[in-house]
Amino acid sequence: MKPAPFVWHGPESVPQAVQVLAEFGGDGKVLAGGQSLVPVLAMRLAEPAHLIDINRIADLNFVTSSPDGVTVGALARHSRVEGDIAAGRVQPLLAQALKLVAHPTIRNRGTTVGSLAHADPAGEMTAVLALCGGSITAQSTRGKRTIPAASFFHGPLESDLAHDELAVEAFFPALPTGAGTAFVEIARRHGDYALCGVGAIAELDESGSVQALRCAYLSVTDTPLVLDLTRAWQSAEADAVEQAKLAIDPQSDLHATADYRRQLAGVLTVRAARQAISAAERGARAA
Amino acid sequence: MVTRYIGKPVRRVEDLRLITGQGNYTDDIGFDAAALEVAFVRSPHAHAEIGEIDVVDALDIEGVVAIFTHEDLVGPAAEPLPVLIPHPSLHAPRTAYALAKDTVNHVGEAIVMVVAENRYLAEDAAARIKVDYRVLPAVVGIPASRAAKTAVHKDIPDNIAAHLVQQVGDVLAGMAAAPHQLEFDLTIERSCSMPLEGKAVYAKWDPDDSSLRVYSSTQAATSVRAAIAAKLNLPLPKVEVIAPDVGGGFGVKIMHPWPEEILVPMAAMRLGHPVKWTEDRREHFISSAHERGQEQHIRVGFDDAGRILALDVTFWHDNGAYTPYGIICPIVTSTQLLGPYKPGAYRVEFFSIYTTTVIVTPYRGAGRPQGVFAMERTMDRIAETLGLDRTEVRAANFIQPDEFPFDQGLIFQDGRPLIYDSGNYPAQLEMIKEMIDWAGFKDLQADAAKAGRLMGIGIGCYVEGTGPGPYEGAHIQVLNDGSVEVAIGLTSQGQGHQTVFAQIVADELGVPFESIRVTSGDTRRFGYAVGTFASRAAVMSGSAVALAARSVKAKALKVAADALECSENDLELIDGMIAVRGNPTASIALGQVAVLSNPLRYAFDEAAKAATQFARPADPNVPPVAAGEAPGLESRDYYSPPRSTFASGMHAAIVEIDPETSEITIDRYCVVHDCGTLINPMIVTGQVHGGVAQGIAGALYETLAYDEHGQLLNASFMDFLMPYVTEIPGRLELGHQETPSPLNPLGIKGAGEAGVIPVSAVIAAAVEDAMGFRIDAMPINPSALFDLRRDFANGKIDAIRSRP
Amino acid sequence: MTEERHDVQLTVNGHHRSVLVPARRTLSDFLRHDLGLTGTHVGCEHGVCGACTVLLDGEPVRSCLIFAVTITGHEVTTVEGLAPADGLSPVQQAFRECHALQCGFCTPGFLTTITAGLADNPAPTRADAVEMIAGNLCRCTGYQNIVDAVLRAAEISEQTSW
């Protein structure tokens with residue numbers, strides 16, 4: 001299984017990269033981590049004439065944290081983001097979800113921004129970006145723009161990026177104080193794409209009751225789905241489960257039926273919510 | 001014989017090269033020779049007629065050397081591949097052509113071979129070749145094949161390749177007289193061997209002596225050699241086949257000759273250049289072999305104790321598009337279905353039927369898992385009907401220890417009577433029950449249920465006919481320096497043959513373990529063999545090695561007695577030294593004996609002088625090499641048993657089902673197995689671990705998902721779910737029993753398949769026990785179990801009666 | 001039309017190597033066919049089986065999913081580079097002691113992965129050991145002995161460091 005031939009470009013800066021993209025992006029693909037792209041090329045499911053390899057752009061390999069949130073550069077490997085202590089404090093969802101992305105060896109090479117640009121509805125990081133209301137910054141010869149998560153994902157493997165645009169960084173807003181997070185998923189094998197996954201952010205009021213609960217869903221919709229389950233959860237767990245099950249649109253495939261995925265979505269909503277609430281409670285006690 | 005090595009967990013000889021990256025697998029060969037590489041155009045359709053093949057665009061690719069279609073094949077190579085194991089009941093066999101001619105009958109069938117400077121360019125060229133197809137309807141699955149709206153092969157309108165009925169006793173009478181009767185259906189789906197190394201072939205033609213050397217990742221080097229010689233019209237001595245290091249076989253590599261095993265050598269000859277082909281993973285999915293798919297219909301009559309008075313089984317075996325391996329798998333199912341039991345009367349009928357899918361040839365177990373599934377699910381049903389304990393029902397049907405040898409009255413897959421030589425099933429049952437704490441489980445299950453946990457226990461028994469013939473052989477030669485060269489004809493795929501057979505030689509011959517070198521699967525070293533399959537290597541080659549070692553020892557003592565001027569009976573051979581018992585100064589090294597065993601005219605080194613004609617006085621009336629003898633300290637011996645020897649075992653498992661997600665966890669997995677004498681217990685344990693892992697994979701994870709167009713939907717490791725470490729229970733509990741085989745010198749029975757055979761039956765039984773409704777189809781996964789639980793809750797499935 | 005060749009310069013097992021290869025040459029093929037280091041094996045070419053795992057600047061990666069040209073200038077360690085000059089590494093020794101290999105095809109990928117894993121976590125628990133090898137497929141051993149080998153390797157490392 002060898003890729004079809006392509007012209008390789010190895011830009012060493014973002015301006016160089018967008019220049020190449022402007023010229024060849026229409027029949028080209030950007031190569032960062034390659035953990036999703038290279039198998040596609042190997043199986044000849046895609047045969048781009050040009051490969052724009054951004055691995056030489058050292059400037060893009062960064063993870064910076066501030067009280068506002070975490071900014072992840074396009075070349076930051078999953079393992080780097082996962083291991084970044086400061087990032088973990090500012091937005092715990094990152095490390096929680098990254099632990100579930102494939103296997104450590106894959107995470108040593110795959111990039112977080114790359115997996116966002118790939119826009120796979122089974123990808124954990126798309127759900128995280130959507131859940132915390134993050135954004136992607138894209139650059140081209142036409143300029144720079146920031147795309148919020150809500151408008152970034154168009155469909156399975158379809159993002160808002162134009163052919164001549166390079167996603168240069170992603171921004172994950174900080175977790176509000178007093179909130180807790182969780183990310184749970186069920187897969188057939190450890191490290192596989194999830195049959196269903198749920199991320200949760202829970203915020204508690206002073207008395208310790210849930211004042212906000214938001215959940216994001218993966219593998220059960222075409223694009224990451226974020227639900228505000230606050231009222232339902234305040235009413236009863238079962239109501240939140242019901243709301244979630246009605247909102248998602250799972251498909252059947254050879255691993256699981258739509259109905260089973262729906263069942264998992266309900267179960268995982270409760271598990272994620274409870275874990276997020278516990279995390280918030282622990283945070284409140286520690287404060 | 002002092003047993004210093006046999007029975008010990010000797011560390012493997014193979015390991016040193018394999019852990020340092022010095023293994024020599026087929027794709028590693030010929031780095032210096034820069035072989036040309038091959039890629040194929042394979043059919044994208046499950047069923048089609050082939051029209052024009054247009055290669056014009058492919059020739060534009062720089063680095064393309066040659067392109068072959070069926071038109072380019074000559075003589076026997078242009079004819080269909082052989083039916084390896086013909087059988088009178090295989091009334092409509094079909095095999096593929098090495099390159100498809102006129103029709104293709106499964107996705108993946110090879111149509112065009114491209115030879116280029118490297119695999120990248122070969123694939124580029126293959127992608128540019130245009131083939132005209134007239135697509136025909138696909139035939140996928142047993143129901144579609146049976147309905148036969150479309151014939152896979154035009155001239156076989158009912159899609160039936162074989163039909164065989166075997167019976168013992170009067171099933172009709174037995175059924176009529178039985179106080180209880182049950183009738184039900186079972187299904188097992190396809191899975192496959194899936195070794196980590198796919199198939200690979202490297203061929204080199206030597207024009208100077210018109211000889212062909214082929215390396216292939218095969219389990220049957222000698223037979224591949226014969227097939228190549230036949231197909232390419234070469235004299236057998238001019239073809240050599242070597243199985244180098246092989247990255248797993250598990251049965252799929254016993255099938256041969258693969259088209260590539262004929263085509264790659266042919267290309268090497270025609271192009272006068274080494275040629276190689278290394279299968280990629282997708283190719284392996286769509287053009288190697290699968291196994292396991294069957295639908296079974298069972299009728300059983302039994303008495304109040306659960307003894308089977310009559311058992312009537314009909315099953316349909318999906319053999320895929322062709323039948324190159326004959327009907328071995330369904331025959332194994334038919335015969336091994338009986339397990340450790342002696343039903344009053346037994347009738348088994350099968351239809352081996354065509355579908356437009358990949359061919360079906362043995363995969364570890366080779367039809368046995370399906371037979372065990374049928375019998376063990378039947379036992380559980382009998383127990384449920386009578387309200388009896390599932391182990392008691394089994395015990396009531398066992399062949400007893402004093403009934404061996406036990407003739408089941410059928411013909412086994414080796415063409416010989418199905419006669420079990422030895423075993424002790426009641427003792428095995430006691431052992432497994434104790435290991436898993438069968439008696440205590442009821443309480444465990446009840447306590448768990450109070451806490452909302454769903455647990456179940458299952459048990460499965462099997463008998464495995466191992467070491468089928470016709471024969472295996474071994475050649476042992478002691479060299480002048482005392483080192484010992486051992487060659488066996490069959491092949492190795494990780495079983496540690498180089499270690500295990502050296503253990504036997506060390507003990508049987510009496511030489512240091514480190515002085516022994518074992519070669520396997522190399523026709524240059526040993527030309528007569530059958531192959532590695534049916535857990536036969538230890539039994540067959542082990543016995544041959546033991547016999548050859550004894551022959552060499554006898555000769556060594558004879559030569560030594562002559563040199564030391566004493567009687568052979570006074571001598572012993574220990575650690576490579578032959579000495580008079582009780583008089584260590586009267587001794588001679590084995591290497592020196594080797595020198596003396598070959599009377600010389602010319603001494604080529606210092607040590608050889610001792611064997612020359614003036615070196616010592618000789619009886620003038622006795623020829624230097626006596627009639628019937630041969631020079632040299634070596635022997636070639638064969639072991640050919642009258643029939644197979646029967647290993648056996650029992651597995652038990654405790655599973656837990658997550659009430660919310662229906663995920664299935666195996667809490668405990670216990671194995672008791674009997675493979676007779678153990679040569680290396682560490683290696684046997686490893687084999688059982690690996691077999692159980694494959695069994696669990698087949699029970700809970702692996703399927704081959706064909707859609708109605710014959711497309712394999714999960715032809716990659718992303719969707720074919722081979723388990724990682726996290727999917728296998730952290731601890732497998734092994735118990736061991738040893739009833740030696742009376743059929744071979746060391747009492748060995750085969751162990752290679754023991755781990756996999758009953759696993760689907762055991763898991764199905766355990767899940768059923770946890771759920772309270774029947775599991776009739778395997779494999780099972782959480783989503784399917786969720787559906788069944790929902791149907792059960794809605795009253796669409798019956799409950800099993802509660803168990804004692 | 002000939003493909004452009006790129007000058008790939010890598011330090012492999014401590015030695016500087018330089019070969020001209022097309023851009024689409026995977027690192028696994030580069031190691032095996034261009035450098036003749038056939039210890040790294042190819043099991044699937046889509047990143048799932050782990051047989052091709054090598055160390056890139058000390059971190060385990062799937063060499064089948066990397067183009068050699070992408071990583072020019074970096075350091076690669078393959079199974080051939082794991083053993084010290086005299087003998088076997090603790091991980092290699094442990095594999096031998098624990099019978100953690102049968103056919104040996106997946107083994108190089110496990111050895112590199114575990115070598116890096118133990119460098120990060122020299123005293124793993126059994127659960128750590130399982131997690132460490134959770135991304136590598138083995139079809140022969142059923143994994144029990146491989147998990148044992150991880151723990152044994154940690155033991156050996158500890159003993160020999162005294």
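Predicted model: local features only at pLDDT ≥ 70, side-chain atom pairs only at ≥ 80, totals over all residues.
1. The largest cavity holds about 220 Å³ of space. By class, the lining of the largest cavity has 13 nonpolar, five polar and three charged residues. Over the whole structure, a search finds eight cavities of 30 Å³ or more.

2. The next point is a helix pair in chain A. Helix α11 of chain A covers residues 237–247 and helix α12 of chain A covers residues 258–286; their axes are 9 Å apart and the packing angle is about 135 degrees. That angle makes α11(A) oblique to α12(A). The crossing of α11(A) past α12(A) is right-handed.

3. Which residues of α11(A) and α12(A) meet? On the side of α11(A) they are A:Glu237, A:Val241, A:Ala244 and A:Lys245. On the side of α12(A) they are A:Arg262, A:Gln263, A:Gly266, A:Thr269, A:Val270 and A:Arg274. In this contact of α11(A) with α12(A), three residues are nonpolar, three are polar and four are charged.

4. Chain B has a helix pair in α6(B) and α7(B). Helix α7 of chain B runs over residues 259–271, and its axis and that of α6(B) come within 10 Å and cross at roughly 55 degrees. The two helices, α6(B) and α7(B), are therefore oblique to each other. Their crossing is right-handed, with α6(B) passing α7(B).

5. From α6(B), the residues B:Val224, B:Ala227, B:Ile228 and B:Lys231 take part in the contact, and from α7(B) they meet B:Glu261, B:Ile262 and B:Pro265. The contact of α6(B) with α7(B) comprises five nonpolar and two charged residues, with no polar ones.

6. A further pair in chain B is α10(B) and α11(B). Helix α10 of chain B spans residues 368–386; its axis and the axis of α11(B) come within 8 Å, and they cross at roughly 115 degrees. This makes α10(B) roughly perpendicular to α11(B). The crossing of α10(B) and α11(B) is right-handed.

7. In the contact between these helices, α10(B) supplies B:Glu376, B:Met379, B:Asp380, B:Ile382 and B:Ala383, while α11(B) supplies B:Arg390, B:Val393, B:Arg394 and B:Asn397. The classes in the contact of α10(B) with α11(B) are four nonpolar, one polar and four charged residues.

8. The remaining points concern the backbone. Most peptide bonds are trans, and most residues other than glycine have a negative phi. Where does a cis peptide bond join a residue to B:Pro405? The bond is with B:Phe404, and omega is about -5 degrees. B:Pro405 sits in the loop between α11 (390–397) and β16 (406–411) of chain B.

9. B:Gly469 and B:Pro470 are also joined by a cis peptide bond, with omega about 0 degrees. The loop that holds B:Pro470 lies between β18 (454–466) and β19 (472–478) of chain B.

10. B:Asn233 is a residue other than glycine with a positive phi, near 55 degrees. Its place is in the loop between α6 (221–231) and β11 (239–242) of chain B.

Note on methods. Residues numbered from 1 in each chain as written. Chains lettered and ligands numbered in written order. Heavy atoms only, no water. Axes fitted to C-alpha atoms, helices over the stretch in contact; angles between N-to-C directions. Helix = DSSP H or I, 4+ residues; strand = E, 2+ residues; numbered from the N terminus. Parallel < 35°, antiparallel > 145°, perpendicular 65-115°, else oblique. Left-handed = near helix turned anticlockwise from the far one by under 90°. Contact = heavy atoms within 4.5 Å. Nonpolar A, V, L, I, M, F, W, Y, C, P; charged D, E, K, R; others polar. 1 Å grid on protein atoms, 1.4 Å probe; cavity = no way out; pocket = protein on both sides within 12 Å on 5 of 7 lines; lining within 4 Å. Points joined across faces, edges and corners; volume = space filled by probe spheres on them.
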